[in-house]
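Subject: Structure for you to look at

Hello,

I am passing on the structure below, followed by notes on what was found in it. Please read them with the coordinates open.

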Number of protein chains: 4
Amino acid sequence: MVIVMKPSATEGQIQHIVDRLHEFGLREHISRGEERTLIGAIGDERVLRSIPLEAMPGVEKVMAVLAPYKLASREFQSEDTTINVDGVEIGGRKLVVMAGPCAVESEEQITRIAEAVKGAGALILRGGAFKPRTGPYSFQGLGDEGLEMLALAKERTGLPVITEVMSTQEVDLVAQFADIFQIGARNMQNFMLLKAVGQASKPVMLKRGMSATIEEFLLAAEYILSQGNHNVMLCERGIRTFETYTRNTLDINAVPVLKGLSHLPVIVDPSHGTGRRELVAPMSKAAIAAGADGLIIEVHHDPENSMTGDGAQSLLPEQFSELMVELQKLAEAIGRSV
Amino acid sequence: MVIVMKPSATEGQIQHIVDRLHEFGLREHISRGEERTLIGAIGDERVLRSIPLEAMPGVEKVMAVLAPYKLASREFQSEDTTINVDGVEIGGRKLVVMAGPCAVESEEQITRIAEAVKGAGALILRGGAFKPRTGPYSFQGLGDEGLEMLALAKERTGLPVITEVMSTQEVDLVAQFADIFQIGARNMQNFMLLKAVGQASKPVMLKRGMSATIEEFLLAAEYILSQGNHNVMLCERGIRTFETYTRNTLDINAVPVLKGLSHLPVIVDPSHGTGRRELVAPMSKAAIAAGADGLIIEVHHDPENSMTGDGAQSLLPEQFSELMVELQKLAEAIGRSV
Amino acid sequence: MVIVMKPSATEGQIQHIVDRLHEFGLREHISRGEERTLIGAIGDERVLRSIPLEAMPGVEKVMAVLAPYKLASREFQSEDTTINVDGVEIGGRKLVVMAGPCAVESEEQITRIAEAVKGAGALILRGGAFKPRTGPYSFQGLGDEGLEMLALAKERTGLPVITEVMSTQEVDLVAQFADIFQIGARNMQNFMLLKAVGQASKPVMLKRGMSATIEEFLLAAEYILSQGNHNVMLCERGIRTFETYTRNTLDINAVPVLKGLSHLPVIVDPSHGTGRRELVAPMSKAAIAAGADGLIIEVHHDPENSMTGDGAQSLLPEQFSELMVELQKLAEAIGRSV
Amino acid sequence: MVIVMKPSATEGQIQHIVDRLHEFGLREHISRGEERTLIGAIGDERVLRSIPLEAMPGVEKVMAVLAPYKLASREFQSEDTTINVDGVEIGGRKLVVMAGPCAVESEEQITRIAEAVKGAGALILRGGAFKPRTGPYSFQGLGDEGLEMLALAKERTGLPVITEVMSTQEVDLVAQFADIFQIGARNMQNFMLLKAVGQASKPVMLKRGMSATIEEFLLAAEYILSQGNHNVMLCERGIRTFETYTRNTLDINAVPVLKGLSHLPVIVDPSHGTGRRELVAPMSKAAIAAGADGLIIEVHHDPENSMTGDGAQSLLPEQFSELMVELQKLAEAIGRSV
């Protein structure tokens with residue numbers, strides 16, 4: 001931490017800051033420039049994060065030197081984390097594609113789609129039983145029943161299952177059916193929920209909040225990691241910008257940035273990230289080319305009759321199959337496989 | 001809803017859309033332009049929100065005519081909602097200022113600040129017992145104990161209390177101590193929580209999410225209203241933009257916009273909205289001049305030792321008193337009072 | 001400037017940075033922390049702005065201590081700048097309201113509106129002769145002819161005139177007719193144009209670019225100031241955010257922020273800033289309450305037939321008169337006048 | 001255009017809108033819904049863009065059906081535009097990589113880099129003679145002299161040259177030396193400049209403004225096309241969002257979106273788009289995988305001593321060579337070549 005003092009700061013004010021640093025077990029390093037005096041805090045500056053240094057007399061601004069997260073950082077763990085889900089390795093050389101419908105709608109629907117995506121090469125089945133919906137009048141998911149249908153589809157196809165958990169009260173229930181917990185973008189800073197899945201034993205896929213910076217995203221992952229659950233994967237799913245042509249702006253830059261700052265696997269969701277079916281294939285390829293470890297893609301055999309209104313972004317099974325063929329070629333060109 | 005067909009759309013595709021509208025009890029109105037055919041849906045278009053019309057063959061885009069919320073709209077209720085909290089009317093001619101520390105830290109702290117803000121004219125006491133914190137290593141609030149301290153401060157001063165509830169599991173507990181539930185910005189789309197407070201009997205102050213549009217904000221209010229709780233107030237607290245000089249960009253425009261679209265009271269939080277003490281007074285005045293029904297302001301007698309790191313935005317009690325005097329003059333100039 | 005070295009930085013790399021600082025006449029101050037070594041640059045760090053320090057081996061990041069602008073800063077000049085335009089003082093206790101149509105359309109139109117706004121208390125007449133338009137097929141302004149009509153309206157009413165200049169080639173021409181040059185938001189970083197008006201002798205009102213940070217805005221003002229023209233006023237006119245209900249998000253926070261960082265007068269444009277007539281009055285009041293030195297407001301007696309499509313945000317003359325009465329009360333409440 | 005009337009709109013107000021449509025040679029189609037009356041405008045709605053329909057009594061909102069640009073649209077021209085620059089085809093199956101330094105600094109520098117990038121497979125040489133700089137105290141480019149050095153480098157290597165033109169006054173001068181005009185992001189809405197290059201005979205690469213929507217970007221291209229210059233290529237170079245880890249957010253989504261909406265070639269600038277050297281390679285690959293027709297990349301043999309401060313994003317010649325090898329593999333995987 002570097003504390004920049006105002007030009008008008010007095011010696012007493014500088015000493016006061018130094019005293020506070022000592023209180024927290026840090027040492028100071030004072031640099032008197034021509035226009036400003038700087039105080040460097042030596043030691044683990046993270047202890048200062050909760051201290052309102054800016055509120056102290058004579059302080060102009062405070063500049064952090066270290067990232068506020070630790071367990072999620074590449075500095076803490078240099079080698080890549082890989083997560084084993086029922087034999088499927090996430091974060092390794094082989095890319096992992098998760099696919100399935102936005103919401104579980106019926107036994108017939110989920111098993112039919114599960115078989116189709118398995119046939120095309122998907123390794124994990126996605127499908128929502130609890131659905132976060134912007135408006136209260138929309139279909140909110142089948143709940144428990146949906147979880148049971150997912151279990152059935154898993155039994156039939158052998159595909160491990162990822163599904164969303166929306167509140168602390170459902171963590172135990174969802175844990176009985178899911179192989180991976182999904183934390184949705186709107187819950188990325190639902191800290192109670194982060195703690196709850198951090199104490200559970202299943203892997204977690206954490207989606208980036210719509211307006212979350214990379215730092216906030218990694219801090220949210222830190223919440224889960226700090227509770228003891230080390231099997232966390234990060235999912236870029238689009239951020240909110242001024243552009244409205246796409247539903248969100250899928251931030252492909254986040255892929256190499258996250259891979260650089262963190263050891264956790266990075267998954268990309270081009271379906272929610274763009275909201276447009278015709279963009280799913282090009283953005284899937286872009287994600288892989290940029291270094292993503294996997295994709296999560298919506299597939300529906302009858303999008304027009306899907307119950308969530310997200311049909312506009314779902315691929316048909318045959319479109320998904322074609323995409324998988326193209327991704328295989330692309331993966332080989334960069335030394336990976338699908 | 002107006003459905004714009006592609007130039008290449010066939011008669012069969014147009015007929016298909018019409019058939020779907022009929023299924024949902026709507027009628028169609030077809031307009032054949034020179035470049036596009038438009039299909040207007042006549043009836044309550046809200047039933048179509050969950051239907052992926054964009055996914056249907058031949059459809060270019062879908063344009064909503066009506067707002068997706070209903071109970072929150074001025075059209076549904078033209079007169080202003082006023083909320084009575086222990087004799088304090090929110091949404092009336094008199095402006096309501098809520099004030100207090102970011103977090104409850106001790107009995108001495110909260111009662112001391114409560115007395116100070118009451119003396120200056122605040123009508124409601126704010127103070128967090130459960131604190132949402134970006135990082136897992138920060139002070140997370142005193143929890144139950146904090147609630148009891150709030151109750152004590154209320155007893156001493158007579159000020160009704162507003163405090164945050166962060167998860168469905170704590171709704172009942174918080175209801176025992178709080179006069180108003182606060183839903184934080186990060187939980188604006190925690191739909192489970194919205195439903196839970198919607199079923200409770202206490203008024204709710206809903207904070208706008210950092211990247212929530214006005215429409216999404218009103219839809220979140222609709223979640224609460226639709227569960228039967230009509231005592232909802234909206235709180236603008238800053239949105240996330242590219243500007244980083246202020247912590248958030250307090251969106252004063254939202255005040256007259258919300259007052260126009262909705263009948264619910266509008267409160268402004270200049271403390272979190274700007275993150276800078278020196279901006280609290282000018283932005284408080286701006287909010288009132290723009291038509292806000294109240295303010296929620298952080299006050300701390302010893303910000304340097306506050307436990308949340310938010311001290312940088314807290315007013316000292318004497319600064320708060322001065323501001324209240326200025327607000328009184330301003331309020332009179334626009335025909336209101338503090 | 002503080003240069004943060006990577007944990008892996010060698011002594012040689014540190015020495016290399018030090019050598020480069022010496023080359024630029026700066027001294028170093030080295031602080032060896034537990035996790036990072038920091039190098040403070042002592043002297044005028046602005047000389048380092050053009051040096052790619054981040055590109056040097058061993059460097060993790062570079063943190064600026066000083067603002068990159070100088071002449072525009074409060075530190076450089078502590079007292080407020082006031083600008084005298086034909087006897088009208090801008091930046092003093094009295095608020096200055098500039099009003100008029102978006103574009104000059106005819107002699108009859110501009111003189112009629114000029115008389116109306118003068119009657120209501122406006123001190124400066126606005127009106128565009130050269131109009132920046134998003135699309136090439138829209139009305140682009142009357143050009144030279146429009147300037148002559150403005151001159152006529154000035155002659156009739158005695159109101160000084162502000163009008164936009166869009167390219168270096170027109171600076172001399174516009175200078176013959178305008179009392180204040182307006183630089184539009186889209187030209188805020190048209191550096192050639194900034195230099196040209198910086199060398200002219202008329203005052204300049206610089207509009208903030210739609211995606212310009214406060215720092216970039218003040219740097220653009222610095223361009224003009226550095227050429228010798230000290231009569232610069234800053235105009236907040238809305239930034240681009242994710243919110244689309246308003247055309248732009250008028251950033252009222254910018255008012256106290258700019259007044260704190262700079263000595264230049266601050267004007268607010270609620271017409272372009274919101275794009276909606278019904279928001280002009282509340283946002284005008286908010287701007288004044290927040291400390292703005294003036295407003296620039298669109299007024300048109302027949303907005304439906306205005307030629308720029310901006311009629312939707314123009315006040316009618318009688319709405320403008322009413323607003324001026326309300327602004328007078330508000331101004332008095334904060335110790336100013338209109 | 002669909003005009004949505006307020007619930008309270010009178011028959012007279014509806015008739016008034018109809019009369020206005022007739023005035024502009026359009027026909028109406030009226031749809032009376034349960035909550036609103038809609039008026040569809042039949043004919044070329046672009047003539048209505050300049051009419052403030054929202055300002056008319058009884059109008060609630062106006063929704064555009066057609067895009068406001070025409071010549072730039074895929075609907076106007078379905079086959080891809082290809083641009084021939086001295087034998088190099090842009091927009092065809094072969095990807096075009098443009099490379100070179102940010103700014104021309106000396107004869108030795110530009111020829112050395114030109115030879116290096118040519119050797120690695122670049123087809124066009126980039127280099128700025130006139131440099132737009134955020135602050136007035138930075139190096140502003142060598143100007144005329146820089147143009148001559150570019151010409152020399154072209155003579156030596158045979159590479160066609162792309163360079164920026166910043167004002168209308170320099171269009172003729174730059175045209176003597178450049179094979180492609182570059183319009184910078186900050187000038188994307190410098191409409192005078194767009195018209196000037198629209199009247200010139202050289203191809204133009206138009207960079208997307210930092211806060212420009214896709215629609216505004218295509219409208220800016222339309223300005224150039226409407227003046228008769230059909231050789232326009234679009235360059236995505238990063239947009240401004242709340243994320244500050246990267247200098248801008250390179251919007252890869254824009255690639256397939258632009259290719260879908262327009263027939264113009266799409267180039268991506270990963271250097272300015274990210275501002276970080278380590279992101280240039282992954283984002284170059286992402287751009288190609290998403291369907292870009294080319295890249296423009298900064299290369300410098302001595303970034304530490306580059307004069308623009310942009311060294312932090314420049315590749316070394318050997319890094320560029322490696323990237324070109326990887327891009328070749330990737331291009332083959334998607335059926336193209338470098």
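A:Ile30 has A:Ile39, in strand 3 of chain A, as its bridge partner. Bear in mind throughout that this is a predicted model. The two strands concerned, strand 2 and strand 3 (residues 37-42) of chain A, pair in the antiparallel sense over 6 bridges. They belong to an open sheet of 4 strands in chain A, with the order 2-3-1-4 and antiparallel pairing. Its edges are strand 2 (27-32) and strand 4 (59-63) of chain A, each of which pairs on one side only. From one strand to the next, the twist averages 20°. Helix 1 (residues 11-23) of chain A lies across strand 1 (2-5), strand 2, strand 3 and strand 4 of chain A, and runs at about 155° to strand 2 of chain A.

Next, the contact between chains B and A. Here 53 residues of chain B are in contact with 53 residues of chain A. The area buried between the two chains is about 4200 Å², with 52% of it from carbon and sulfur atoms. B:Tyr137, B:Met192 and B:Glu304 supply 15% of the area that chain B buries against chain A, more than any other three residues.

As for polar interactions, 25 residue pairs are in polar contact between chain B and chain A, and the count of salt bridges between these chains is 4. In one salt bridge, the side chains of B:Arg240 and A:Glu216 meet at 2.6 Å, N to O. On the side of chain B that touches chain A, helix 1 (11-23), helix 5 and helix 6 of chain B are the elements that give two or more residues. The largest share, 5 residues, comes from helix 6 of chain B.

The buried ones are B:Phe191, B:Met192, B:Leu193, B:Leu194, B:Ala196, B:Val197 and B:Gly198. They pack against helix 4 (171-177), strand 10 (180-183), strand 11 (204-207) and helix 6 (214-226) of chain B.

C:Asn187 lies in the loop between strand 10 (180-183) and helix 5 (191-198) of chain C. Is C:Asn187 buried or exposed? Its relative accessibility is 3%, so C:Asn187 counts as buried. Leaving aside residues up to four places away in sequence, C:Asn187 touches C:Glu164, C:Met166, C:Leu193, C:Leu194 and D:Asn190.

Regards

Terms used. Residues numbered from 1 in each chain as written. Chains lettered and ligands numbered in written order. Predicted model: local features only at pLDDT ≥ 70, side-chain atom pairs only at ≥ 80, totals over all residues. Heavy atoms only, no water. Buried < 20%, exposed > 50% of the residue type's maximum accessible area, 1.4 Å probe, protein only. Contact = heavy atoms within 4.5 Å. Pairing = 2+ DSSP bridges. Axes fitted to C-alpha atoms, helices over the stretch in contact; angles between N-to-C directions. Buried area = accessible area lost by both parts, 1.4 Å probe. Polar contact = N/O pair within 3.5 Å; in protein donor to acceptor, adjacent residues only side chain to side chain.
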